Amino acid sequence: MRVEVDKERCVGAGMCALTAPDVFTQDDDGLSEVLPGRAAATGEHPLLKEAVRACPVGAVSLTGEENS
């Protein structure tokens, strides 16, 4: 599983960074981004799916996820 932030869609609410601060941060413009080295290594992170759901504009997504 890989996590991505769509910078075009992000509004800087910071919900992902608040939910999973060891995976996400905010850049100098206040937009969310995945911390270096965390994009592909997050499959077992317990709060990752919650961080995706917490984004009010759907800018955070998981790829390579099995459909349940």
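Is Gly-64 buried or exposed? Gly-64 counts as exposed, because its relative accessibility is 74% (buried means under 20% relative accessible area, exposed over 50%, partly exposed in between, with a 1.4 Å probe and protein chains only). This is a predicted model: local features need pLDDT of at least 70, side-chain atom pairs count only at pLDDT 80 or more, and totals for chains, interfaces and linings use all residues. Residues are numbered from 1 along each chain as its sequence is written, and side-chain values use heavy atoms, with hydrogens and water left out.

**Gly-64**
- Gly-64 sits in the segment after strand 4 (60-63); helices (H or I, at least four residues) and strands (E, at least two) are DSSP runs, numbered from the N terminus.
- Val-3 is 61 residues away along the chain, and its C-alpha atom is 9.0 Å from that of Gly-64.

**Salt bridges**
- The count is four salt bridges (a side-chain nitrogen of Lys or Arg within 4 Å of a carboxyl oxygen of Asp or Glu).
- Arg-2 pairs with Glu-4 at 3.9 Å, N to O.
- Arg-2 is partly exposed at 40%, and Glu-4 is partly exposed at 36%.

**The Lys-7 network**
- Salt bridges link Lys-7, Asp-27 and Glu-33 in a network.
- Lys-7 meets Asp-27 at 2.7 Å, N to O.
- Lys-7 lies in the loop between strand 1 (2-5) and helix 1 (15-19), and Asp-27 in the loop between strand 2 (24-26) and strand 3 (32-34), so the pair ties together parts 20 residues apart in sequence.
- Glu-33 also bridges to Lys-7, with the closest N and O atoms 3.5 Å apart.
- Glu-33 is in strand 3, 26 residues from Lys-7, so this pair links distant parts of the chain.
- Lys-7 is partly exposed at 33%, and Glu-33 is partly exposed at 29%.
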